[in-house]
Every structure is written in structure tokens, then in C-alpha cells.
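Hi everyone, thanks for coming along. I'd like to walk you through a structure that may be new to you, so please have a look at it on the screen before I go on.

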Amino acid sequence: MRTIVILSALVLTAGVALAAAPAAPEKDPFRVTDAFADTDGEALYRSSCQSCHMAEGQGVKTGAGMYPALAQNPNLQSPEYTVSVLQNGLRGMPPFIRMMTDEQIAAVTNYVITHFGNTSSTLTTAEQVKATNPEPQTGEE
């Protein structure tokens, strides 16, 4: 009998503690900005872009899908274009706006526009990405 009383007291105490705990902040179920932990542009490219655009940015022109080459791509002279494609997707490419932070989008943009034979001298910042962001990121209203 004493064991039942003690267990009942523990259950009651745990229930009161849970009820008094502050509610977790609401999270946008459609925003997964922690999908990629990397912050380095090259690491982000390797984990999120390379499987379609290939290790050297050469893309794929045959097989199950066509993935455009990023190597020596004149469109990538404009960081604004690259940011827009990363944020919104293009054709079969998914939008990364809900999977990457502004800092991550800026990092992968800067990597892509300065590698694979691309020679843009204009880099972008997280603040510039945020200014073009059509949606507020988690925690912002």
C-alpha cells in the first residue's frame, strides 16, 4: 500500500511539473532551417547541390534527369540570380528557402559563383539575401 501511495505522489508531482513548464515556442512546421548544419559554402554545395550538379559543377545532360551545368555558367555572374534560384527553386530544383538560413544561402551562392570556372567578383551577404527573402525566417515576424 505504501508503494502505491509513493508512486501516486510521484506521478502527481510529475504531472504538476509538466503542467507548470512553459510551452515550447511555436515552430513553423513548413520551415526546416536546420536541414543543413553546415555554414561553409563548399560543404553546403557538397551536401545539397553536388548530387545533381556533380562534383565539378558539370551537371548531367542524359539519363533520368537533366541538371544544368554550373561550371562556366554565365548566369552565375549575378549573385542575385543564384540567390533567387536557391530561394525559389527552378524547374525540377526544390526551393531551399525553408531548408537553409540566409547565411547558408549566401555562403553557397558565394561558393558557386566563384568556383567551377565562374569568376564573379560580386559576393553577397546574409543581409542582402534577407532583403530578397519573400518570407520571414523562423522567429521573425
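Let me start with a term: when I say contact, I mean heavy atoms within 4.5 Å. Among contacts in the protein chain between residues at least 6 apart in sequence, 57% join residues at least 24 apart.

Now, a word on what you are looking at. This is a predicted model, where local features need pLDDT of at least 70, side-chain atom pairs count only at pLDDT 80 or more, and totals for chains, interfaces and linings use all residues. Residues are numbered from 1 along each chain as its sequence is written, and side-chain values use heavy atoms, with hydrogens and water left out.

The pLDDT is the predictor's confidence in each residue, from 0 to 100. The protein chain averages 81, and 70% of the residues score at least 70. Confidence is highest in helix α5, at a mean of 97, and lowest in helix α1, residues 2–20, at 49.

Two packed helices are described by the angle between their axes and the distance between the axes. The axes are lines fitted to C-alpha atoms, for helices over the stretch in contact, and angles run from 0 to 180 degrees between N-to-C directions.

Take α4, residues 79–88, and α5, residues 102–113: they pack at an angle of about 130 degrees, with their axes 10 Å apart. That makes α4 oblique to α5. On our scale, angles under 35 degrees are roughly parallel, over 145 roughly antiparallel, 65 to 115 roughly perpendicular, and the rest oblique. The α4 side of the contact is Pro-79, Thr-82, Val-83, Leu-86 and Gln-87, and the α5 side is Ile-105, Val-108, Thr-109 and Ile-113. These divide into six nonpolar, three polar and no charged residues. Here Ala, Val, Leu, Ile, Met, Phe, Trp, Tyr, Cys and Pro count as nonpolar, Asp, Glu, Lys and Arg as charged, and the others, Gly among them, as polar.

Next, α2, residues 41–48: the axes of α2 and α5 come within 7 Å and cross at roughly 90 degrees. That makes α2 roughly perpendicular to α5. Among the residues making this contact are Leu-44 and Tyr-45 of α2, with Ala-107 and Val-108 of α5. This time the residues divide into six nonpolar, two polar and two charged.

What about burial? Buried means under 20% relative accessible area, exposed over 50%, and partly exposed in between, with a 1.4 Å probe and protein chains only. Of the 141 residues, 32% count as buried. In α4, the buried residues are Pro-79, Thr-82, Val-83, Val-85, Leu-86 and Gln-87, and their cover includes α5 and α6, residues 126–132.

Finally, two backbone details. Most residues other than glycine have a negative phi. Met-54, though, has a phi near 75 degrees, and is partly exposed at 25%. Arg-91, in the loop between α4 and α5, has a phi near 50 degrees and is exposed, at 79%.

Key:
Helix = DSSP H or I, 4+ residues; strand = E, 2+ residues; numbered from the N terminus.
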